[in-house]
Every structure is written in structure tokens, then in C-alpha cells.
2 protein chains.
Amino acid sequence: MAVISAHCLHSPFSTPPLLLRSPFPSSPPRSKLAPISCSPSSSSPSPLMAPQSEDGRKRFMEFPYVSAPHRDLMVDLFSTMESRLGPYLLPCTLPPDVQYYHNQGSTALASLHIRSGLKPSPVLSLSLSLSLYIDFILGSWLHCKLPSGALNITSLSAYLSPSTDAPNFLMELIQSSPTSLVLILDLPPRKDLVLHSEYLQTFYEDTQIDEYRKILEKIPEVRPYSSSSLYIRSVVSPTAILVCIETEPGRTERMEEIVRDHVSAIAKEVLGIWLDRCACGGREMGEADRAHLAKRDRVFKSKTIEIDLGSSLPRLFGQEVATRVLGAMREVFSI
Amino acid sequence: MAVISAHCLHSPFSTPPLLLRSPFPSSPPRSKLAPISCSPSSSSPSPLMAPQSEDGRKRFMEFPYVSAPHRDLMVDLFSTMESRLGPYLLPCTLPPDVQYYHNQGSTALASLHIRSGLKPSPVLSLSLSLSLYIDFILGSWLHCKLPSGALNITSLSAYLSPSTDAPNFLMELIQSSPTSLVLILDLPPRKDLVLHSEYLQTFYEDTQIDEYRKILEKIPEVRPYSSSSLYIRSVVSPTAILVCIETEPGRTERMEEIVRDHVSAIAKEVLGIWLDRCACGGREMGEADRAHLAKRDRVFKSKTIEIDLGSSLPRLFGQEVATRVLGAMREVFSI
């Protein structure tokens, strides 16, 4: 839930759509990269999962109220992440009334699913050293009936620990109507890119990740999106995909087509780069760098919650629910 | 000269222009700010100026080959900067063949004008403490005949010293045809904005500088511009104006109108904010912070020269001229 208060501010799109090419006219950039192995993989959910967590996971994975291609994409991305990182994750330990919550009139409903990384321990085998890198993964959906229609937000993010400086993962889909969708897809950097040009080279130039942004921006219904929060604009990478997709009024099937044929393919590729190069990249930090990374991560998480949810959760769900959910999140976020 | 290799990649604009509103329908944001005084002001050029420097300055201020509104804007901005900061600047000490240079066939011509800040000295009065803040100001123009037409780039930038952490100033106009113009206008931050949210608040939120970007993007011929360099995208602020302006083929008078009525007003306001809040903002750093700032500034300047000029100057002017100009710049840049 990176920009829950985001809105698609552009005027409705009115140019007739052009003939679209396949999103990958030539070989996709990631295929040029040698995959970096890390020790996968298990079926999800984790065998350690408690029944309470399993119920919460089931409800979360329903992703109700959104179109089938949108739901399929979210389920696919979360399953891929769990399947690759599952052995290094704890089950979700959020209270049931945080895993699923709603306002008094049930006009606003939401689900939240967070799985923290296993904490390092001397009894863990060396093959589990990846557990050091995962801070937590977070998935959520939110549905809200508004006078102007329904708002649906689905998100998936992953935060790495200060044991590595590799970028985090962030994806959010904000649907303010069946013909209007904001997509945020990025690997937010965890270092100052001006000072660390080698970091820019490793994660953003060598991975050719900017190609996906270019492919998406060729689709006529896609326009650049600018978050109203300057802080959110500051935390994203220079290759961030921040776009607003608007189809002509009533053309919901065209929106579904764009999500199914273009957004899905690109989101899966970007997650693949993140899993290979960041979560499983083996880029371990020394003690000296960890303190600075931990400080920056803490500010990032704290500001993100404050900007993203601090005012909108109380407005949508009431103060009591908001206090409960934000408190539980701050605990997992260690802020 | 921040992105000399930049190109306007968008397809020609073909939508008929709409009735334009004044760029400042309500009171402009800067008028809401209490001006911060610093000790101006003298006529320019500096009375210390040597005849050689004066000749170079005259040639520089000609800004030949561009339209009258474009030239007027550059002269106005550079004069404003000199008039406000003049007492704290040394004359340009570049060799004459760096202040003005061309290739063998004189199909590529350029002028460069750099004035460094006075170095602090115990004999300087307290009123000259501002001299501590100015590293140097840099203005340039470049004209190049290409098979596809003429390329004209004019730029103005100002770098502050590690005595203050306030943002730098950057403006560049890249005209690849009479109907196509890229505008880069920004106060590039000198700190990691993710870690220093107070810095974001002071220079980018409290100044309401993002309003100018919004005003400009309402003009129908204006589209967001994305630099091909990920490093250049990383150094700019979240309120950076990075736009491509394209008028219909043949409509050069419309381009001149946009520069005169919109770009000029906005560039002058942004320079005003920089002069009041950054160059004369009185935000002095302690010794401890200066070392980190100096390191970041050095990387920034070095990478900017490398990306911006490292390959394009030899291509346009030949290796001998490029080596001479880049060497002189590296000396002023202290890298």
C-alpha cells in the first residue's frame, strides 16, 4: 500500500487506440542475464503455517472485487514470491482482525498479509543464509465504496534487511474505476544513487529494467503518472514505472486486455529480476555499512506508512480500526 | 550543459493547441514566501573583470542562432544571477580558446563562461560571508550544423560549495529544430532525500516549486521528457521540470510564444527561489557534514561531465578541442 491516497489526475483518454504490438517484440531483456541461483523452492504456504494464518492467507488470496486478469496477476506474483522465498519466511503472525478488517458499515474492506524473514540462528544450515536478507514481504487488497464509484487497491511489496543493500520490490495497482488504473512498479533503491553510481549500474543499467517502462509507455492508453507526494517521488528509482492507464468510457474489456497482455508480463519480469538479482543476489554487507542502511530503511518505512496510511486509514475505516492496523504494521516494520 | 546528448524522442505533436490560460491564474507561489535577504547587489560584469574575460563574456552573452525570446531569457537569467551574486564572484579565468571554441570546419561553435566564487579570506568583511557558498556559476551556448538541421543548446547552472547543503541550480534548453525544444529546469538536491525528509520539506515542499511544473504541463504542446541517462534522472529533484515542447510543423511563432509567455516566467521564478532560498539562504554546514557533501558534490560533477560531454564533445569538436575544454572544466570543477 504505497500510495493509497493516489488518484489518477489526467483527463480521460480520448485518442483511438492504435494497433498494439506484442510487449516483447525482441527477446526480453531478462533473458540476456545469466540467472543467479539461490536455494529454492518449496510449495506454498509454508508447512509451519498455523490454521489462523492459513485462513487469513486464503481470504487475502481471493483478491475480490477486481477483474479476473487483475486477480490472476496478483495471485501469480504472490505465489511466485512465496514459492521462491517460502523456506526463508515465517507464517503471517498478524492478529485475525488485522489480516482482515472493515469499517462499521462494511463499505470499506481490506486484507493484509505479512510474512517476516526467518531470523538468523546458529542452528540454521548454511543453505539458509538467504534468510538473512529478507526483512518481510507484504501483500494487501482494499475495496472501498465511494460516492463516485468503487476504489480497489492491490499491492505487493518486499523489504530486504540491512544484511544486503539490494533494492526492495514494490508493486501497486490503484483502480478508481473499471476504465482507470494507476500502476506503480519499481525496485526502490536503498542507497543514494548520486553517490553510488556502481549501484545504479548493477541494479538498473545492467539489468536493462528500463526497457519494460519503455514498452509500457508505447501503449496509447498509458500516460506517465506523478504521485502527489514528493516523498514517494523521491523513493522510487529512475526506472520506476509510474503510469496511469485510461481506456475510453465503457471499454472495460480493453482495460482487462491491457492488464492481461501487457501489465502482467512486465510485472512478472520485474519480479523475476528482483528475485534473481536482489533477494537472491548474494550481495552481503559488512557491519560498517549495515548501520547506515538500517537507519535509511527505518526512515523509509516510517515515512511510507505516515504518508500512505497515516491519514487515509482513519478516514476510510475509522480511528479504532486504523489504530489497530497501523500499530500491528509498525510492529512488523520495527519502527 | 547537463544533457548535451539529449534528444526529444516523442513523435511530433499533432493535437491542435487549446486556448491557453495565463501561466499564473492565481498568485504565483513564490509571492507567498517572505524573501530572505542577502547582501546584493552590483551591476555586472564585476569591476575586477580583465579585458580578455570581458570579450569572452560579450561573445557568450550574444547567444546567437536561437530565437529572440530564447536569447532574451538566457541573457535575463544570467544577468540576474550576476547582479545578485556579482560581488562574490571572480571574473572568468578560462583561456580564450575555451571561452569560445569551434571545430575545424566551423560547423560546430560554442561559448563557455564560468565564474568561480571568491575564496574565503580573513580580510573579507562579514558581509562577504556569502562568498563561502558559491562554488561557481556556469553559462554556455552551443551551435552545431547537423545533416538533420541545426542543434542549439543553451545552459545556465550554479554549484554551491560544501559550506552549505542547499540545492544547486540547473537550466538547459535543447533545441533540435525550430519546433522542438527540451527544457530541463531544476534545483538538484545535494542530499539523499529519502534519508533527509526535512531537506525535502524545506526546499521543495515549503517553496511550492512543484506548482511551476504543473502549470507548464497544462500547455498542450508540452510532454514529459525522460533523459536517456539513468544517472541524470537520478540527480534531479522530484519537482524537476523535464519536458519536451513540440509545436506543429512550421509553427515556429508558436514555439517562440511558449518560450516568451510561459517558459521565461517559470524559469525566472525558479531562479528567484534558488537565489532567495539556496544561494542566499544562510544554511551553513558544520565541519562534520562538509566532508560528506564535498564527496557527493565531487562524484556529481565528475559523473555529469563524463555523461554529458565525455563522448559528445570529441564527436562534435574533435579530440584536440575536446581535451582542451574538458581539461579546463575539470580544473574549475576541482575533479
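1. Does A:Arg190 count as buried or exposed? At 2% relative accessibility, A:Arg190 counts as buried, because buried means under 20% relative accessible area. The model under discussion is predicted.

2. The side chain of A:Arg190 meets that of A:Asp297 in a salt bridge, with 2.7 Å from N to O. A:Asp297 belongs to helix 8 (residues 287-308) of chain A, while A:Arg190 sits in the loop between strand 6 (180-186) and helix 4 (197-205), so the pair ties together parts that are 107 residues apart in sequence. A:Asp297 is likewise buried, its relative accessible area being 8%.

3. A further salt bridge links A:Arg233 with B:Asp210, whose closest N and O atoms are 2.8 Å apart. Because A:Arg233 lies in helix 6 (residues 230-235) of chain A and B:Asp210 in helix 5 (residues 210-217) of chain B, this pair joins two chains. Both A:Arg233 and B:Asp210 are buried.

4. Within chain B, B:Lys268 and B:Asp76 form a salt bridge, the closest N and O atoms being 3.7 Å apart. The pair links distant parts of the chain, with B:Lys268 in helix 7 (residues 252-279) and B:Asp76 in helix 2 (residues 68-85), 192 residues apart. B:Lys268 is partly exposed at 37% relative accessibility, and B:Asp76 is partly exposed at 30%.

5. Regarding chain A overall, there are 10 helices and 8 strands. Buried residues make up 56% of its 335 residues. Among contacts in chain A between residues at least 6 apart in sequence, 73% join residues at least 24 apart.

Methods: Residues numbered from 1 in each chain as written. Chains lettered and ligands numbered in written order. Predicted model: local features only at pLDDT ≥ 70, side-chain atom pairs only at ≥ 80, totals over all residues. Heavy atoms only, no water. Helix = DSSP H or I, 4+ residues; strand = E, 2+ residues; numbered from the N terminus. Buried < 20%, exposed > 50% of the residue type's maximum accessible area, 1.4 Å probe, protein only. Contact = heavy atoms within 4.5 Å. Salt bridge = Lys/Arg side-chain N within 4 Å of Asp/Glu carboxyl O.
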